[in-house]
Amino acid sequence: MNRSFHKSQTLRFYDCSAVEVKSKFGAEFRRFSLDRQKPGKFEDFYKLVVHTHHISNTEVTIGYADVHGDLLPINNDDNFCKAVSSANPLLRVFIQKRGENEDC
């Protein structure tokens, strides 16, 4: 059994308050987790995402895939809370440089 798979299973079955986040910027993926009950503010999430991807000097837009596979924006606290609460079990986040294909 793969060690990361085991950690993922442990997270999923024993810590229901955690949401796994898989973020994609270009060809690079990053994973981290958030507290489902207290996800925080959009501004803090934005800072975490750009820091995690090492793109602090780049303005980006953030979107997520909902349960139907539609790409929806995360650009304020309400969208962010909706994204976190609808994640089951994974929140897929897509990051684009601002101005590139502004679909989200």
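Colleague: Let's start with Pro89: where does Pro89 lie?
Modeller: In this predicted model, Pro89 belongs to the loop that runs between helix H3 (77–86) and strand S5 (90–97).

Colleague: And what kind of peptide bond joins Asn88 and Pro89?
Modeller: The bond between Asn88 and Pro89 is cis, with omega at about -10°. As background, most peptide bonds are trans.

Colleague: Changing topic, which loop holds His54?
Modeller: His54 sits in the loop between helix H2 (42–52) and strand S3 (60–65), and its place is just after H2. Although His54 is not a glycine, its phi is positive, at about 60°. For context, most residues other than glycine have a negative phi.

Colleague: Is His54 buried or exposed?
Modeller: His54 has a relative accessible area of 65%, so it counts as exposed.

Colleague: Let me step back to the overall layout. How many helices and strands does the protein have?
Modeller: There are three helices and five strands, and along the sequence they follow the pattern α-β-β-α-β-β-α-β. Of the 104 residues of the protein, 32% count as buried.

Colleague: What order do the strands take in the open sheet?
Modeller: The open sheet of five strands has the order S2-S1-S5-S3-S4, and its pairing is mixed. The edge strands are S2 and strand S4 (71–73), each of which pairs on one side only. From one strand to the next, the twist averages 30°.

Colleague: You say mixed; in which sense do S1 and S5 pair, parallel or antiparallel?
Modeller: S1 and S5 pair in the parallel sense, over six bridges, and within that pairing Val21 has Leu91 in S5 as its bridge partner. S3 and S5, by contrast, pair in the antiparallel sense over five bridges, where Gly63 has Phe94 in S5 as its bridge partner.

Colleague: Now the helices on that sheet. Which strands does H2 lie across?
Modeller: H2 lies across S2, S3 and S5, and it runs at about 145° to S2. H3 also packs on the sheet, where it touches strand S1 (18–25), S2, S3, S4 and S5, and its direction makes about 35° with that of S3.

Colleague: Which residues of H2 are buried?
Modeller: In H2 the buried residues are Phe42, Phe45, Tyr46, Val49, Val50 and Thr52. They cover an arc of only 165° around the axis, and therefore they lie on the same side of H2. In general, an α-helix has 3.6 residues a turn, so residues three or four places apart point the same way.

Colleague: What do the buried residues of H2 pack against, and which exposed residues does the face turned away carry?
Modeller: The buried residues of H2 pack against S2, S3, H3 and S5, whereas the face turned away from that buried side carries the exposed residues Glu43 and His51.

Colleague: Aromatics next: which residues do ring pairs link into a cluster?
Modeller: Ring pairs link Phe32, Phe45 and Phe80 into a cluster, and the count of aromatic pairs comes to three, where ring centres must lie within 6.5 Å. Phe45 of that cluster is also one of the buried residues of H2.

Colleague: And Phe29, which strand is it in?
Modeller: Phe29 is in strand S2 (residues 28–35). With a relative accessible area of 43%, Phe29 is partly exposed.

Colleague: Which residues does Phe29 touch, not counting those up to four places away in sequence?
Modeller: With those left aside, Phe29 touches Lys22, Ser23, Lys24 and His53. His53 is 24 residues from Phe29 along the chain, and their C-alpha atoms are separated by 8.3 Å.

Colleague: Where does Lys22 lie in relation to the ring of Phe29?
Modeller: Lys22 lies over the face of Phe29, at 4.9 Å from the ring centre.

Methods: Residues are numbered from 1 along each chain as its sequence is written. This is a predicted model: local features need pLDDT of at least 70, side-chain atom pairs count only at pLDDT 80 or more; totals for chains, interfaces and linings use all residues. Side-chain values use heavy atoms; hydrogens and water are left out. Helices (H or I, at least four residues) and strands (E, at least two) are DSSP runs, numbered from the N terminus. Buried means under 20% relative accessible area, exposed over 50%, partly exposed in between (1.4 Å probe, protein chains only). Contact means heavy atoms within 4.5 Å. Two strands pair if DSSP finds at least two bridges between them. Axes are lines fitted to C-alpha atoms, for helices over the stretch in contact, and angles run from 0 to 180 degrees between N-to-C directions. The arc is that of the directions from the helix axis to the C-beta atoms. Rings of Phe, Tyr and Trp (its six-membered ring) pair if their centres lie within 6.5 Å; planes under 30 degrees apart count as stacked, over 60 as edge-to-face and the rest as tilted. A charge sits over a ring if NZ of Lys or CZ of Arg is within 6 Å of the ring centre and within 35 degrees of the ring normal.
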